Amino acid sequence: MNAPSSVLVVGASAAGLATAEALRRKGYQGGLTVLGAEPHLPYDRPPLSKQVLSGAWDPERVQLRPQTALSTLDAEFILADPAVGLDAAGRTVHTASGRALRADAVVVATGLRPRTFAGQAELAGVHVLRTLDDAVALRADLLASSRLVVVGEGVLGAEIAATAHGMGLEVTMAGPRPAPLAGQIGPSVAGMLADLHTERGVRLRLGAGVSGLTGHQGRVTGVRLDTGEVLPADVVVVAIGADPATEWLTGSGLRLDNGLVCDSRCRAAEGIYAVGDVARWHHDKLGALLRLENRTNASEQAGIVAANVLGDDQPYCPVPYFWTDQFDAKIQVHGVLPVDAEVTVVDGDQAARRFVALYRRDGRVTGVLGWNMPKQTRLRRQDVVDALSDLVPAP
Amino acid sequence: MKVTIDQDKCVASGQCVVAAADVFDQRDEDGIVVLLNPDPPAEQAADVRHAAVVCPALAIHIED
């Protein structure tokens with residue numbers, strides 16, 4: 001395929017911007033449009049649950065590129081206008097304001113939408129955290145409150161709990177798993193994280209499902225667990241995961257199944273690609289469909305997508321990477337950590353909360369986790385790469 | 001090519017070292033980026049550009 005004469009990137013966050021930048025870096029000189037649902041210029045999300053929520057950063061600081069850099073990109077940014085439909089054959093995207101944007105190539109980078117409880121929108125004091133506006137609104141509410149319940153024990157919920165505790169709130173974390181990040185880092189290290197939160201003063205009320213919210217006169221008053229117990233709250237954050245933002249693609253004929261399903265080239269159909277949190281593509285080395293919700297994936301995948309849009313034929317086979325900062329713990333993960341993996345500490349000391357652990361399944365390394373040992377953790381990444389290389393690529 | 005780094009923005013992911021180990025390293029104690037060569041040779045330019053792209057903190061700046 002020859003280079004397209006026009007490219008439309010649907011989504012103006014990290015993955016969308018990185019795709020636009022990669023296209024220009026690779027010499028693409030055709031028309032370039034970036035369509036964003038939010039009113040903001042592209043900004044970075046990882047600081048939202050930490051530096052922005054705590055107030056350590058002004059909200060403006062999360063902008064990914066200064067205006068001057070965006071100008072030299074020579075792209076048209078259309079903001080505050082969500083995509084509402086796609087004509088895949090005609091490669092035309094319809095927007096909420098009524099625009100019909102046609103391009104030779106369309107890159108879907110619409111990210112995620114937080115899951116919510118039924119009826120939560122009607123209750124004041126209940127928040128999600130996905131956007132900059134969400135973070136600013138949550139911070140304002142926290143500053144005027146004393147008791148926060150975080151529903152969700154994943155990365156986002158645990159970061160919010162740590163940050164809010166640092167702001168002086170009384171924080172309770174609720175969720176069905178037994179420890180923070182139990183689903184992401186396995187039970188043993190998650191247990192250490194539970195100890196850290198407890199020591200610092202976060203109350204963990206984990207291992208019980210959450211059935212809903214309680215309210216009075218339009219404002220939330222608590223979180224009800226499956227056990228019947230009610231955790232009182234002035235503010236509630238619902239961090240129970242997010243779904244790929246693909247509802248606008250319903251009826252497009254594209255395959256939607258936990259994301260926009262793509263081949264190993266991140267291509268959903270002729271001239272249509274996906275990048276970032278929304279993309280579920282075939283990882284040839286792992287021999288499976290994969291969808292990653294992390295910051296580095298947005299940038300890394302963008303480079304491959306841009307190359308393929310311009311006529312290249314590159315499979316995307318990354319070593320997944322994510323990190324989380326909670327209190328003074330920086331936890332970094334390369335590869336994948338199955339919950340039933342065998343975990344071996346290979347550097348440092350768990351008791352000192354400074355260590356590197358290898359995760360193995362069936363004797364084979366699948367991932368490495370580091371706790372406050374960034375360099376030593378990265379040095380072990382090669383073990384993950386080697387294990388991936390030993391796998392026979394899927395036909 | 002002139003490379004500069006911002007250690008205050010760095011989040012110690014080490015992705016830059018994975019991309020261009022001749023130009024970047026990390027401090028042993030906290031993993032923050034260390035610039036080994038602010039003026040890398042042309043044959044390393046592509047790797048350094050890749051490092052700047054995959055840095056999750058956008059802490060690497062390049063001037064040609």
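User: Which residue stands opposite A:Val150 in strand 16 of chain A?

Analyst: Happy to start there. Strands are DSSP runs of E with at least two residues, and helices are runs of H or I with at least four residues, numbered from the N terminus. Two strands pair if DSSP finds at least two bridges between them. Here, A:Val150 faces A:Val237 of strand 16 of chain A. Strand 10 (residues 147–151) and strand 16 (residues 235–238) of chain A are parallel and joined by four bridges. This is a predicted model, in which local features need pLDDT of at least 70, side-chain atom pairs count only at pLDDT 80 or more, and totals for chains, interfaces and linings use all residues. Residues are numbered from 1 along each chain as its sequence is written, while chains are lettered from A and ligands numbered from 1 in the order in which they are written.

User: What is the strand order of the open sheet with parallel pairing?

Analyst: In chain A, the five strands follow the order 9-16-10-11-12. Strand 9 (126–127) and strand 12 (203–206) of chain A each have a single partner strand, so one side of each lacks a neighbour in the sheet.

User: Which residues of strand 7 of chain A are buried?

Analyst: A residue is buried if 20 or more other C-beta atoms, placed from the backbone, lie within 10 Å of its own, exposed if 12 or fewer, and partly exposed in between. In strand 7 (residues 105–108) of chain A, both faces are covered: A:Ala105 and A:Val107 are buried on one side, A:Val106 and A:Val108 on the other. Strand 7 runs parallel to strand 1 (residues 6–10) of chain A, with four bridges, and A:Val7 stands opposite A:Ala105. Strand 7 also pairs in the parallel sense with strand 20 (residues 272–274) of chain A over three bridges, where A:Val107 stands opposite A:Tyr273.

User: How many residues does each chain bring to the contact?

Analyst: Two residues are in contact if their C-beta atoms, placed from the backbone, lie within 7 Å. Chain B gives 16 residues and chain A gives 14. On the chain B side, helix 1 (15–19) and helix 2 (45–54) of chain B each supply at least two residues; helix 1 of chain B has the largest share, three residues.

User: Which confidence values go with the complex?

Analyst: The predictor gives the complex an ipTM of 0.96 and a pTM of 0.96. As for pLDDT, the predictor's confidence in each residue from 0 to 100, chain B has a mean of 96, and 100% of its residues reach 70 or more.
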